[in-house]
Amino acid sequence: QVRLVESGGGLVQAGGSLRLSCALSGSISSIYGMGWSRQAPGKQRELVASISSEGTVNYSDSVKGRFTISRDNGKNTVALQMNSLKPEDTGVYYCNADFQYYSGLREYDYWGQGTQVTVSS
């Protein structure tokens with residue numbers, strides 16, 4: 001059984017910082033890409049940041065320069081450091097992973113349950 005669990009959300013004032021963490025556990029032989037997406041009320045989910053197994057990162061234009069994604073391959077975790085937060089960063093943040101089971105089956109897009117981030121003005 002695979003679990004992808006996010007943590008670190010909360011309420012913060014504009015200009016503040018939060019750090020989100022995501023841990024992947026289970027019968028997994030390899031983890032490829034990992035990422036963070038968010039969904040604001042009434043809006044579609046958008047990709048915020050992603051990181052490959054080699055450490056190549058990508059950010060959406062809306063968070064570039066403020067958010068930093070990182071991963072610990074030894075612990076199967078990915079983190080999102082969010083600085084200079086704005087009210088428009090409010091939403092549910094979801095972690096996702098692309099991995100392979102020991103059975104050889106590939107899971108391309110596995111999602112966590114999400115964690116709420118609220119930025120007050």
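Which backbone oxygen does the side chain of threonine 90 reach at 2.9 Å? The side chain of threonine 90 reaches that of proline 87, a polar contact in the sense of a pair of N or O atoms within 3.5 Å, where within protein one must be able to donate a hydrogen and the other to accept it, and residues adjacent in sequence count only if both atoms are side-chain atoms. This is a predicted model, in which local features need pLDDT of at least 70 and side-chain atom pairs count only at pLDDT 80 or more, while totals for chains, interfaces and linings use all residues. Residues are numbered from 1 along each chain as its sequence is written, and side-chain values use heavy atoms, with hydrogens and water left out.

**Overall fold and dimensions**

- The protein chain has eleven strands and zero helices, both taken as DSSP runs numbered from the N terminus (helices: H or I, at least four residues; strands: E, at least two).
- The radius of gyration of the protein chain is 14 Å, close to the 14 Å that the globule rule gives for 121 residues, so the chain is as compact as a globular protein of that length.
- That radius is taken over C-alpha atoms, and the globule rule is 2.2 Å times the number of residues to the power 0.38.
- Along its principal axes, the C-alpha trace of the protein chain spans about 50 × 25 × 25 Å.
- Of the contacts in the protein chain with a separation of 6 or more, 56% are between residues 24 or more positions apart; contact means heavy atoms within 4.5 Å.

**Surface and charge**

- Buried residues make up 38% of the 121 residues in the protein chain (buried: under 20% relative accessible area; exposed: over 50%; partly exposed: in between; 1.4 Å probe, protein chains only).
- The protein chain exposes about 6400 Å², and carbon and sulfur atoms supply 46% of this area; accessible areas come from the Shrake-Rupley method with a 1.4 Å probe, and for residues only the protein chains shown count as cover.
- There are 11 positive and 10 negative side chains in the protein chain, and the centres of the two sets lie 4 Å apart.
- Lys and Arg count as positive and Asp and Glu as negative, with His and the chain ends not counted; the place of a charge is NZ of Lys, CZ of Arg, CG of Asp or CD of Glu.

**Threonine 90**

- Threonine 90 is in the loop between strand 8 (77–82) and strand 9 (91–101).
- With a relative accessible area of 19%, threonine 90 is buried.
- A polar atom of the threonine 90 side chain lies 2.9 Å from the backbone nitrogen of valine 119.
- Not counting residues up to four places away in sequence, threonine 90 touches Ala40, Gln116, Val117, Thr118 and Val119.

**Residues within strands**

- Alanine 23 belongs to strand 3 (residues 18–25) and is partly exposed, at 34% relative accessibility.
- The C-alpha atoms of alanine 23 and leucine 4 are 5.6 Å apart, and the two residues are 19 residues apart in sequence.
- Apart from neighbours within four places in sequence, alanine 23 is in contact with Arg3, Leu4, Val5, Asn76 and Thr77.
- Isoleucine 51, in strand 5 (residues 46–51), is buried at 7% relative accessibility.
- Beyond residues up to four places away in sequence, isoleucine 51 touches several others, including Tyr32, Met34, Val57, Ile69 and Val78.

**The loop between strands 6 and 7**

- Serine 60 is in the loop between strand 6 (57–59) and strand 7 (67–72) and is buried, with a relative accessible area of 14%.
- Serine 60 touches Leu47 and Val48, not counting residues up to four places away in sequence.
- Valine 63 lies in the loop between strand 6 and strand 7 and is buried at 0% relative accessibility.
- Leaving aside neighbours within four places in sequence, valine 63 is in contact with Arg38 and Val48.

- Asparagine 76 is not a glycine, yet has a positive phi of about 55 degrees.
- Asparagine 76 sits in the loop between strand 7 and strand 8 and is partly exposed at 26% relative accessibility.
- Serine 84, a residue other than glycine, has a positive phi near 50 degrees.
- Serine 84 is in the loop between strand 8 and strand 9, and its 41% relative accessibility makes serine 84 partly exposed.
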